[in-house]
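Q: Could you take a close look at one part of this model for me, the charged side-chain pairs, and then show me how they sit within the rest of the chain?

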Amino acid sequence: MAKEKPSIPKGTRDFGPQEVAKRKYILNTIEKVFIKYGFMPIETPSMENLSTLTGKYGDEGDKLLFKVLNSGDYLKEITPEILTASNQQLTTKLISEKGLRYDLTVPFARYVVMNRNEIAFPFKRYQMQPVWRADRPQKGRYREFWQCDADVVGSDSLLNELDLIQIYAEVFKGLGVQVEIKINNRKILAGIAEVVKGAEHLQTIAVAIDKLDKIGEEGVSKELSALDFSDIEISSLFEIITTKGEDKEMLQSLKSKLQSSTEGLKGIEELEFVLNSLQQINKSVSLKIDFSLARGLSYYTGCIFEVAALEGTLKSSIGGGGRYDNLTGIFGLDGVSGVGISFGLDRIYDVLEELKLFPDDTQGSHTKVLFCYFDEASQAYALQGVTALRNVGIASQIYPDVVKKIGKQLDFANKLNIPFAAVAGTDEIAQQKFMLKDLNESKQELLSIEEMIERLKN
RNA sequence: GUGGUUUUAGCUCAGUUGGUUAGAGCGCCUGAUUGUGGUUCAGGAGGUCGUGGGUUCGAGCCCCAUAUUCCACCCCA
């Protein structure tokens, strides 16, 4: 028989008990805040129809979709003529009609449209589930990772943006991570595009200036001139986006520069509202205006957010979101605007791990007592003990196999970080007691079950 | 999708210009301790060197392919 070396697919990971405990700590922190702000949970399938997913994330996004091969005789429609290199897309279409979800926002939009009659709008939902992208793995990037999303649909109000920003602030405060929350507005970007070269160049400009942090002005202008932007257009672009100073001054000067664009002015107005309102209700949250923030996903239309950790080596964003006006429209439900944010669980985990910000009590085992014994008779006696403790809610377990060496059993308790061992032998049975051993203090006491419960309860 | 990088014992890694039976630390098992762990001491087990080809008298080491790790670009949580 050939031995097979076990392995898991590229970019996926197993999580041991300790890792799961830490991940749950993050999930719980996020979930509590979501609930506090009035969001309700939903879950959607791992697989969606490809027709639901394609075309929502731009060309790059479509390439990163994991596709699921059709069941049954998936080749029955495929003739040799179809199966040529130039027909790859058509072939894919014929043999695969499902794909793994790429994010939580698009499945949510699909859910809203399908359940529009049952939903009370505005609908505030949260969703914490894995998503998949066929990307090359690297630092902070996995092929399977979890997103934690909160979205509001069916409301145009900027109060939603305000709530979501506060959720970001509150969660990261709870986790003890210093972050920068950046905000911009797609309408401002549209206005900039309009003024610089024309509204149809929004996507190009957005993608280029998004890299400003990374490759600098020089890199961006190089990239734009390669894309047929004139020197005049490029310099006017930089004049607009590199506006410096206080938030109010920045917005004021932008206003004058975008005077000819009604959309741009609308974006500035929205941004001003969010900033001013936040200033009034919660001064402790600091938002940073960043006109170079663009965000790739093509469905955003209004405010956009991005969160990055201020400490640590992970430079990529650990959260992002924004307003999308037309997402449900694609599925046949117009006039429903939505806004949402996303937390990247795995990247947040990496940051907390690097900065050692996980609390000490996020350990794997919560067992308080391990029952140890020597033979069949004391096993039966220990079984009574473990049952009694469990009946009063004390997490305990019994070493399942009869081994002569008690040391082996104690060693097991040490490895699992179990603080107490209850030893049962002939002496203990005779006295109807257990030897309760404190494994951290190296002390032991002969106690009845009642006394043991009393001792362990606090 | 592009470029680079990694893979040797359960884990972390050595392995000289290609040359006999491939090493260390930690962990594991056994004993000192026939009812008591975390320390110490003594002994022991464990590897078809990621996989498949090739060059060579001879390959852990050179060549090709493939998988995988990590990293950068693209893009993104």
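Predicted model: local features only at pLDDT ≥ 70, side-chain atom pairs only at ≥ 80, totals over all residues.

A: Let's start with glutamate 270, which forms a salt bridge with lysine 187; their closest N and O atoms are 2.8 Å apart. This pair links distant parts of the chain: glutamate 270 belongs to helix α12 (residues 262-281), lysine 187 to helix α7 (residues 186-196), and 83 residues separate them. Glutamate 270 and lysine 187 are both buried. As a general point, side chains of opposite charge can pair when their charged atoms come close.

Now for a pair within one helix. Aspartate 411 and lysine 415 meet through their side chains in a salt bridge, at 3.4 Å from N to O. Both lie in helix α15 (residues 406-415), four residues apart, or about one turn of the helix. As for cover, lysine 415 is exposed, with a relative accessible area of 67%, while aspartate 411 has a relative accessibility of 37% and counts as partly exposed.

Then there's a pair towards higher residue numbers. Arginine 455 forms a salt bridge with glutamate 445, and here the closest N and O atoms are 2.3 Å apart. Arginine 455 sits in helix α17 (residues 449-457) and glutamate 445 in strand β16 (residues 443-447), so the pair ties together parts that are 10 residues apart in sequence. Arginine 455 is partly exposed, with a relative accessible area of 40%, and glutamate 445 also counts as partly exposed, at 36% relative accessibility. Elsewhere, Arg13, Arg23 and Asp346 are joined into one network by salt bridges that share partners. A search of the whole structure turns up 21 salt bridges.

What about a lysine seen on its own? Lysine 173 is in helix α6 (residues 159-175) and counts as exposed, at 71% relative accessibility. Its C-alpha is 10.0 Å from that of valine 285, although lysine 173 and valine 285 are 112 residues apart in sequence.

Some backbone details are also worth a look while you have the model open. Phenylalanine 121 and proline 122 are joined by a cis peptide bond, with omega at about -5 degrees; proline 122 is found in the loop between α5 (105-114) and β5 (123-132). Aspartate 228 isn't a glycine, yet it has a positive phi of about 80 degrees. You'll find aspartate 228 in the loop between α9 (212-226) and α10 (231-241), where it is exposed, with a relative accessible area of 66%. Glutamine 432, not a glycine either, has a positive phi of about 55 degrees, and its place is in the loop between α16 (426-431) and β15 (434-438).

Stepping back to the whole chain, chain A has 17 helices and 16 strands. Its radius of gyration is 29 Å, well over the 23 Å that the globule rule gives for 458 residues, so chain A is more spread out than a compact globule. The C-alpha trace spans about 95 × 65 × 50 Å along its principal axes. Buried residues make up 47% of the 458 residues in chain A. Of the contacts in chain A with a separation of 6 or more, 70% are between residues 24 or more positions apart.

And back to charge: chain A has 56 positive and 65 negative side chains, and the centres of these two sets lie 4 Å apart. The chain exposes about 24100 Å², and carbon and sulfur atoms supply 51% of that.

How values were computed. Residues numbered from 1 in each chain as written. Chains lettered and ligands numbered in written order. Heavy atoms only, no water. Helix = DSSP H or I, 4+ residues; strand = E, 2+ residues; numbered from the N terminus. Rg over C-alpha atoms; globule rule 2.2 N^0.38 Å. Buried < 20%, exposed > 50% of the residue type's maximum accessible area, 1.4 Å probe, protein only. Contact = heavy atoms within 4.5 Å. Areas by Shrake-Rupley, 256 points an atom, 1.4 Å probe, with all protein chains shown as cover. Lys, Arg positive; Asp, Glu negative; His and termini not counted. Charge placed at Lys NZ, Arg CZ, Asp CG, Glu CD. Salt bridge = Lys/Arg side-chain N within 4 Å of Asp/Glu carboxyl O.
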